[in-house]
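Here is a short tour to read with the model open beside you. Take it a section at a time and find each residue as you go.

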Amino acid sequence: MRNKIVAANWKMNQDEYESKNLTYEILKHLHKTNNSSVYKILCVPFPFLNRISNMCEGVNMLFVGAQNCSAFESGAYTGEVSSAMLKSLSISYVIVGHSERRVMFKESDDLILEKMKRLILKQIIPIYCCGEPYAERKKKNHIRYVLNQIEQSICNLKKKEIKKVVIVYEPIWAIGTGITAELEDVQEMHFAIRKFIRSKYGSSISKNLSLLYGGSVNPLNAKQIFDLPDVDGGLIGGASLKSQDFIDIVNSIN
Ligand code: PGA
């Protein structure tokens, strides 16, 4: 289903008290107005998943997600968190392939593919991120670069598996920088991704794909971005740490 989605990526910010407070503030806003046409997902740090899930239980269209998971099933992998563990906490979404993990933790397309397969096996929806560094855009190689990332990972999934994936385009140079991609550049890339998925999997899959944008989305620019024909919502970093900003972004979707 092509769903409208706004996902918060809290990254490695806030302690337990602050996380509960932020969730409480978000819940207060949602109690007043809850845009029920939008899937709202809070992707929070591992230690707080259970508590935040409990706080969010029963709230319409509000879900809790993780920011990573292991590519391995179980066993002697010190420090890893498996998809089965996340499933046991009723986690429904997990971010994979974020550029911070690709760049800082050297995660490869193969590893990202393994993680997605593990998640899909457990009926957890991967929020798959792709995006180019600035040098590739400068060389006008950005579309080829992003489609290659998709080809190397997602395109190894079966038709019934890819139906379960949400894709996020996040140009690396726009993440956390305050520089948002130009609207025509966002639409160009989203159109190219949808077309590519159509060429690989057919039009019914591509039409139903939820395709989000991420990179310095804020309450002032969200509406214009979300109004683009191939954009179905966003993955929000910095602005998701302020409850009012996050809710304003959610309410920017028509
Ligand atoms: P940003 O982060 O909104 O702070 O740019 C987005 C992300 O990394 O998902």
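## Ground rules

This is a predicted model, in which local features need pLDDT of at least 70 and side-chain atom pairs count only at pLDDT 80 or more, while totals for chains, interfaces and linings use all residues. Residues are numbered from 1 along each chain as its sequence is written, and side-chain values use heavy atoms, with hydrogens and water left out.

## The barrel

In what order do the strands close into a barrel? The order is S1-S2-S3-S4-S5-S6-S7-S8, with 8 strands and parallel pairing. Strands here are DSSP E runs of at least two residues, helices are H or I runs of at least four, and both are numbered from the N terminus. Two strands pair if DSSP finds at least two bridges between them. Direction ignored, neighbouring strands of this sheet are turned by 25 degrees against each other on average; the axes are lines fitted to C-alpha atoms, and angles run from 0 to 180 degrees between N-to-C directions.

Cys129 stands opposite Val168 in S6.

## Leu235 in strand S8

Leu235 lies in S8 (residues 233-236). Is this residue buried or exposed? Leu235 is buried, with a relative accessible area of 2% (buried is under 20%, exposed over 50%, partly exposed in between, using a 1.4 Å probe and protein chains only). Leaving aside neighbours within four places in sequence, the residues in contact with Leu235 include Cys129, Val168, Ala7, Asn9 and Ile95 (contact means heavy atoms within 4.5 Å).

In H2 (residues 49-56), the buried residues are Leu49, Ile52, Ser53 and Cys56. They span an arc of only 105 degrees around the axis, which puts them on the same side of H2; the arc is that of the directions from the helix axis to the C-beta atoms. Their cover includes H1 (16-32), S2 (38-43), S3 (62-66) and H3 (83-88). Just after H2, Gly58 takes a positive phi of about 85 degrees.

H7 (residues 142-152) has His142, Val146, Leu147, Gln149 and Ile150 buried. These fall within an arc of 150 degrees seen down the axis, so they line one face of the helix. They pack against H4 (99-104), H5 (109-121), S5, H6, S6 and H9.

## Aromatic rings

How many aromatic pairs does a search of the whole structure find? The search finds 5. Rings of Phe, Tyr and Trp (its six-membered ring) pair if their centres lie within 6.5 Å; planes under 30 degrees apart are stacked, over 60 edge-to-face and the rest tilted. Phe72 and Tyr77 are stacked, because their ring centres are 4.0 Å apart and their planes at 5 degrees. Both are partly exposed, Phe72 at 39% and Tyr77 at 34%.

The rings of Tyr134 and Trp173 have centres 5.9 Å apart and planes at 75 degrees, so this pair is edge-to-face. The pair links distant parts of the chain, 39 residues apart: Tyr134 is in H6 (residues 134-138), and Trp173 is in the loop between S6 (166-169) and H9 (183-201). Tyr134 is partly exposed at 48% relative accessibility, whereas Trp173 is buried at 15%. Elsewhere, ring pairs link Tyr39, Phe63 and Tyr93 into a cluster.
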